[in-house]
Amino acid sequence: MRIARNSLIVLGLSALFTTGLATGTAVAEPPNIPSETTARSELAALTVQADGTSTGYSRDKFPHWDDQGGSCNTREVVLKRDGTNVVTDSSCAATSGTWKSPYDGATWTAASDVDIDHVVPLAAAWRTGASAWTTAKREAFANDLTNPQLIAVTDNVNQAKGDKSPDEWKPPLTGYWCTYAKMWIDVKYEWQLTIDSAEKAALTEMLDRC
């Protein structure tokens, strides 16, 4: 299982902060998205059972946007990673740049129009195993820069998604369904979360578009 290695991620990103990104508008892409073959194997390995309840859930139980060094928190690191020509001030806040959301294809030039989506929402994780975790483990999940769990997307699209699983919500761009399914499956696999039967059916259908 891959474990979040935030210190290594920050070291790697420090060079990116210094040298900048290539010209053009890149689509946001988290690290370690598996191949279709790997995603299908991971999906087959997941435990299928009914989701638990949301009783006791609170976002505060998943401390997020941790300090990642260099005055940057997790959100700011992802904004820099997923944007193009991102300029930050002394506090690491993005003052300019371009972000293309793969969920809907929209392009934004203000960081305030961009949300950092938890691909597997915190509440969905709670219902599928995270309720039994320690707060420290939930914090690592909420700030996971190693697996394909965090991605910069259009804010209102992220808000429409909420805590829905793929049988209830899919990205507006059908061409992204394959990638989204691979990310969702990998995060569930790496963190040993469960899925329900409707979720598995939806993920299988999405993989069939790969």
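User: In this predicted model, what is the handedness of the disulfide of Cys 178 and Cys 210?
Analyst: The sulfur atoms of Cys 178 and Cys 210 are 1.9 Å apart. The torsion about their S-S bond is about 100°. The disulfide is therefore right-handed.

User: How many residues apart are Cys 178 and Cys 210, and which parts of the chain do they link?
Analyst: The disulfide joins Cys 178 to Cys 210. Cys 178 sits in helix H7 (residues 177-190), while Cys 210 belongs to the segment after H8. These are distant parts of the chain, and the two cysteines are 32 residues apart.

User: Is Cys 178 buried or exposed?
Analyst: A residue counts as buried under 20% relative accessible area. Cys 178 has 11% relative accessibility, so Cys 178 is buried.

User: How many disulfides does the structure hold, and what pattern do they follow?
Analyst: The structure holds two disulfides. One joins Cys 72 to Cys 92, and another joins Cys 178 to Cys 210. With bonded cysteines counted along the chain, the pattern is 1-2, 3-4.

User: What is the angle about the S-S bond in the link of Cys 72 and Cys 92?
Analyst: Cys 72 and Cys 92 are bonded with an S to S distance of 2.0 Å. Their link is right-handed, and the angle about the S-S bond is 85°.

User: Where do Cys 72 and Cys 92 lie, and how many residues apart are they?
Analyst: Cys 72 is in the loop between H2 and helix H3 (74-82). Cys 92 is in the loop between strand S1 (84-88) and strand S2 (94-100). The pair links distant parts of the chain, with a spacing of 20 residues.

User: What is the phi of Cys 92, and is this residue buried or exposed?
Analyst: Cys 92 is not a glycine, yet its phi is positive, at about 80°. Its relative accessibility is 4%, so Cys 92 counts as buried. For Cys 92, the values asked for are a phi of about 80° and the class buried.

User: Where is Ser 71, and what is its phi?
Analyst: Ser 71 is located in the loop between H2 and H3. Although Ser 71 is not a glycine, its phi is positive, at about 70°.

User: How are H2 and H8 oriented to each other?
Analyst: The axes of helix H2 (residues 36-45) and helix H8 (residues 197-207) come within 11 Å, and their crossing angle is roughly 165°. Angles over 145 degrees fall in the antiparallel class. H2 and H8 are therefore roughly antiparallel.

User: Which residues of H8 meet H2, and what classes make up the contact?
Analyst: On the H2 side the contact involves Glu 36, Ala 39, Arg 40 and Leu 43, and on the H8 side Lys 200, Leu 203, Thr 204 and Leu 207. By class, the residues of the contact of H2 with H8 come to four nonpolar, one polar and three charged.

User: What is the orientation of H2 to H7?
Analyst: The axes of H2 and H7 are 9 Å apart and the packing angle is about 45°. That makes H2 oblique to H7.

User: Which residues form the contact of H2 with H7, and how many are charged?
Analyst: H2 contributes Glu 36, Ala 39, Glu 42, Leu 43 and Ala 45. H7 contributes Lys 182, Ile 185, Asp 186, Tyr 189 and Glu 190. The contact has five nonpolar residues and no polar ones, and the number of charged residues is five.

User: Is Ala 125 buried or exposed, and which residues does it touch?
Analyst: Ala 125 lies in helix H4 (residues 122-127). Its relative accessible area is 0%, so Ala 125 is buried. Leaving out residues up to four places away in sequence, Ala 125 touches Val 120, Ala 130, Ser 131, Phe 141 and Leu 193.

User: How many helices and strands are in the protein chain, and what percentage of its residues is buried?
Analyst: The elements run α-α-α-β-β-β-β-α-α-β-α-α-α from the N terminus on. They come to eight helices and five strands. Of the 210 residues in the protein chain, the buried part is 45%.

Notes
Residues numbered from 1 in each chain as written. Predicted model: local features only at pLDDT ≥ 70, side-chain atom pairs only at ≥ 80, totals over all residues. Heavy atoms only, no water. Axes fitted to C-alpha atoms, helices over the stretch in contact; angles between N-to-C directions. Helix = DSSP H or I, 4+ residues; strand = E, 2+ residues; numbered from the N terminus. Parallel < 35°, antiparallel > 145°, perpendicular 65-115°, else oblique. Contact = heavy atoms within 4.5 Å. Nonpolar A, V, L, I, M, F, W, Y, C, P; charged D, E, K, R; others polar. Disulfide = S-S within 2.5 Å. Buried < 20%, exposed > 50% of the residue type's maximum accessible area, 1.4 Å probe, protein only.
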